[in-house]
Amino acid sequence: TQADWCRHRSSRKVSMASSDDEPGPSYGGPAAVDPPVLLSAAEKRLRKWRRMLGVTVDDWKAYVRAKPQVVQRRTRKGVPAPLRGYAWQVMSGGRELRACHHGVYDELVLSTLDERDDDIAKDISRTFPSHVFFAKPDGAGQRSLYNVLRAYSVYDREVGYVQGMGFVAGLLLLHMSEEDAFWVMVALFRGAVHEPLEGLYSPGMPLVRRCLHQLEGLLGEHLPRLAAHFQRECVHASMFATQWFVTLFAYSLPLGVVERVWDVFMLEGVKVIFQVGVALLQRAEENLLALPFEVLAANLRHFPVSEKCEEADGVGRAGDDNVEADDLLERALALRLSRRLEELRAEHDYLNERMSDSGAERSHPP
């Protein structure tokens, strides 16, 4: 949040002054020896991240250029909670967008009512309903969420508002102000740093369809037994993975886990959503292979699930105790998917083009 960043800037000056290797000047008299300051591991991480983030976006960019592997390693270990909001802003490009569009957010919030306002209002209470920040009807959390979603629907009228956006905006609001959350959404959807994600929400959801095609291709290679089982039971990726992409796992994973996934997502892009999805299915493969269609379909609606399906009904339930961030990310990030994702993307685009051509031929026969 902005308060965290203010503390970060002031404490950075202290940490920079106290991190010099050279002793301070001597002014004579008996030497006063201060006891060494013992920092906890968490405090050391905070200091490293403060130096890495710097004070301006240019500081961050310079550090990334100079030490990209250090940035990646530290990010994969997790951004410290007090700095997560600001880190997400600079990683996504949202911080720069806000600086270039002073006053725009306020104008959007105060704009004339839109036809999508009723849809947004209906979905507000369904977004993180058990979280204290969003639980109170017309409380601060729900008002902020409404403002951000409404502002985006006015800002991008072609996309407007789609269910699932609320979980993206909601997770951002847990770490930053309304305006910061709005501009991070714009940065993600319009592609300020990584591939634009607005195709997850635009009419026809073309990016969702492409992502599902890519995921099914990955399952055939990394989990061939499970892919064959899904095919026999007529289970398609769209039945369980659509919400993974539309909410970027904000709906499906425990908060502490999805925050860690988003740390990597903000730095490395949507590839990590595929990595986490494959890793989750790898962990649950043996349980899923034993389930017939009815139970399998119900299980996948609640996925990610415990690796130990409940004996009573065969349906596991997600929770912090069964999907742990370090283990999940270690498994996920070990998967090398970049090249194959590009091949599957090209394959999807080719198939789409052929379908479009054949459709045009049928509508205009010789």
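**View 1. Met 205 lies in the loop between helix H12 (178-190) and helix H13 (206-222).** Helices here are DSSP runs of H or I with at least four residues, numbered from the N terminus, and strands are runs of E with at least two. The model is predicted: local features need pLDDT of at least 70, side-chain atom pairs count only at pLDDT 80 or more, and totals for chains, interfaces and linings use all residues. Residues are numbered from 1 along each chain as its sequence is written, and side-chain values use heavy atoms, without hydrogens and water. Although Met 205 is not a glycine, its phi is positive, at about 45°. Met 205 is partly exposed, with a relative accessible area of 27% (buried means under 20%, exposed over 50%, partly exposed in between; 1.4 Å probe, protein chains only).

**View 2. Phe 128 occupies the loop between helix H8 (117-124) and helix H9 (132-135).** Phe 128 is likewise not a glycine and has a positive phi of about 45°. Its relative accessibility is 13%, so Phe 128 counts as buried.

**View 3. Lys 44, Arg 45, Lys 48, Arg 51, Lys 67, Arg 73 and Lys 77 form a positive surface patch.** Patches consist of residues with over 30% relative accessible area and no salt bridge, with like charges joined within 9 Å; a salt bridge places a side-chain nitrogen of Lys or Arg within 4 Å of a carboxyl oxygen of Asp or Glu. Helix H2 (41-53) and helix H4 (68-77) each supply at least two residues, and H2 gives the most, with four. Lys 77, in helix H4, is exposed at 59% relative accessible area.

Terms used. Patches are made of residues with over 30% relative accessible area and no salt bridge: like charges are joined within 9 Å, nonpolar side chains (Val, Leu, Ile, Met, Phe, Trp, Tyr) within 5 Å. Accessible areas come from the Shrake-Rupley method with a 1.4 Å probe; for residues, only the protein chains shown count as cover. Lys and Arg count as positive and Asp and Glu as negative; His and the chain ends are not counted. The place of a charge is taken as NZ of Lys, CZ of Arg, CG of Asp or CD of Glu.
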